[in-house]
Each structure stands twice: as C-alpha cells, then as structure tokens.
Amino acid sequence: HGLTSLSTGGDADLRFVGDAACTACHAGAAAVHGPSRHAHALASLERKGYARDPECLRCHVTGLGLPDGWRRTAPVAELAHVSCESCHGRGSRHVSERAAGRPGSGSLVPVTPATCLTCHDKENSPAFSYDTYWTRIRHGQK
C-alpha cells in the first residue's frame with residue numbers, strides 16, 4: 001500500500017537516485033514540484049507531530065522501509081518528501097540510459113489517476129479530485 005508499492009519491482013538494477021538526478025533533464029517538472037505540497041510532505045507531518053507514524057510516512061516520503069528508500073534510522077534528504085520517484089518509480093535505469101545517450105526503455109512507471117489514489121484515498125484525502133489536483137502539479141516530459 002502507498003508509495004512503496006510503486007517501486008518494489010523485481011529488477012535488481014533499479015534503485016532510487018533522488019530528485020537531483022531528474023532535475024538535470026526535467027527542469028520544468030522540477031520547477032512545478034519544488035513549491036508543491038508534495039515537495040514539503042514530510043515537513044507537513046513534522047508540523048503536525050506525525051513524522052514518526054509509519055501509516056503517515058508511507059505517503060509522505062519515498063520508498064519507506066525499502067533498502068534504498070527513506071528510513072527514520074538513516075534518512076536520505078533526497079527521499080524525505082514525495083519525490084519524482086514516488087510517482088514514477090525508481091529512476092536509476094532511466095538515468096543511466098539517458099546518460100549513455102540511449103532512449104529510455106520504459107522503466108519508469110506510467111502515472112495514472114490510480115497512481116495518485118494509492119495515497120489520495122478516501123480516508124486520507126476525501127476531497128481528492130484527480131482533475132482538480134492534476135492541474136496544480138501538471139508537468140511534461142522536460
């Protein structure tokens with residue numbers, strides 16, 4: 001359940017790389033993400049006193065509890081929010097393919113309304129409307 005399900009595929013070469021690896025090629029998306037609520041998701045839990053609650057953290061950080069994901073015992077700043085990889089999946093293969101001048105192989109997760117509903121469910125986000133929310137975070141390929 002939650003964001004961790006988007007990035008637990010069986011490919012051993014897939015790992016989290018952090019937003020900085022994405023920003024180099026996707027500056028437009030980064031400009032939209034930076035001021036968004038996604039970019040400050042963990043901070044919102046900290047303000048409310050829920051930053052140690054795993055049920056909340058599963059959607060407010062990237063890869064909670066996964067070997068290469070965010071962990072309270074060894075937090076990685078790049079994963080301490082809803083990062084690019086929270087929605088698009090682990091980016092290591094995509095980054096290495098593009099760095100080598102090859103087209104992406106499709107290793108990133110296609111984002112659909114169902115992707116959003118893994119966290120924006122009835123219990124945690126009862127007023128969620130994909131059409132309304134997407135207009136706030138819409139970003140393109142580059």
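Q: Is H88 buried, exposed or partly exposed?
A: H88 is partly exposed, at 25% relative accessibility. Buried means under 20% relative accessible area, exposed means over 50%, and partly exposed is in between (1.4 Å probe, protein chains only).

Q: Before we go on, what kind of model is this?
A: This is a predicted model: local features need pLDDT of at least 70, side-chain atom pairs count only at pLDDT 80 or more, and totals for chains, interfaces and linings use all residues. Residues are numbered from 1 along each chain as its sequence is written, and side-chain values use heavy atoms, with hydrogens and water left out.

Q: Back to H88. Where is H88 found?
A: H88 is in helix α5, residues 84-88. Helices (H or I, at least four residues) and strands (E, at least two) are DSSP runs, numbered from the N terminus.

Q: Which residues is H88 in contact with, leaving aside neighbours within four places in sequence?
A: Those are L108, V109, V111 and H139. Contact means heavy atoms within 4.5 Å.

Q: How far apart are H88 and V111?
A: In sequence, 23 residues. In space, 6.5 Å from C-alpha to C-alpha.

Q: What does S83 touch?
A: Not counting residues up to four places away in sequence, S83 touches D19, H33, T62 and E78.

Q: Zoom out. How many helices and strands are there in the protein chain?
A: Eight helices and zero strands. From the N terminus on, the elements run α-α-α-α-α-α-α-α.

Q: And how compact is the protein chain?
A: The radius of gyration is 15 Å, close to the 14 Å that the globule rule gives for 142 residues, so the chain is as compact as a globular protein of that length. The radius is taken over C-alpha atoms, and the rule is 2.2 Å times the number of residues to the power 0.38.

Q: What box do the C-alpha atoms fill?
A: Roughly 45 × 35 × 25 Å, along the principal axes.

Q: How many of the 142 residues count as buried?
A: 35% of them.

Q: What about contacts between residues at least 6 apart in sequence?
A: Of those contacts, 55% join residues at least 24 apart.

Q: New topic: rings. How many aromatic pairs are there?
A: Two. Rings of Phe, Tyr and Trp (its six-membered ring) pair if their centres lie within 6.5 Å; planes under 30 degrees apart count as stacked, over 60 as edge-to-face and the rest as tilted.

Q: What kind of pair do F128 and Y133 make?
A: Their ring centres are 4.7 Å apart and their planes are at 70°, so the pair is edge-to-face. F128 is buried, at 17% relative accessibility. Y133 is partly exposed, at 25% relative accessible area.

Q: And what about Y130 and W134?
A: That aromatic pair is stacked, with 6.1 Å centre to centre and 5° between the planes. Y130 is partly exposed, with a relative accessible area of 23%. W134 is partly exposed too, at 22%.

Q: Where do Y130 and W134 sit along the helix?
A: They are four residues apart in helix α8 (residues 130-137), which separates them by about one helical turn. An α-helix has 3.6 residues a turn, so residues three or four places apart point the same way.

Q: Which residues in α6 are buried?
A: In helix α6 (residues 92-99), S92, H94 and E97 are buried. Just after α6, G101 takes a positive phi of about 80°.

Q: Two loops left. Where does H40 lie?
A: H40 is in the loop between α2 (27-33) and α3 (41-48). H40 counts as partly exposed, at 42% relative accessibility. Leaving aside neighbours within four places in sequence, H40 is in contact with G34 and P35.

Q: Last one: is K122 buried or exposed?
A: K122 is exposed, with a relative accessible area of 73%. Its place is in the loop between α7 (113-117) and α8. K122 and T62 are 60 residues apart in sequence and 21 Å apart in space, C-alpha to C-alpha.
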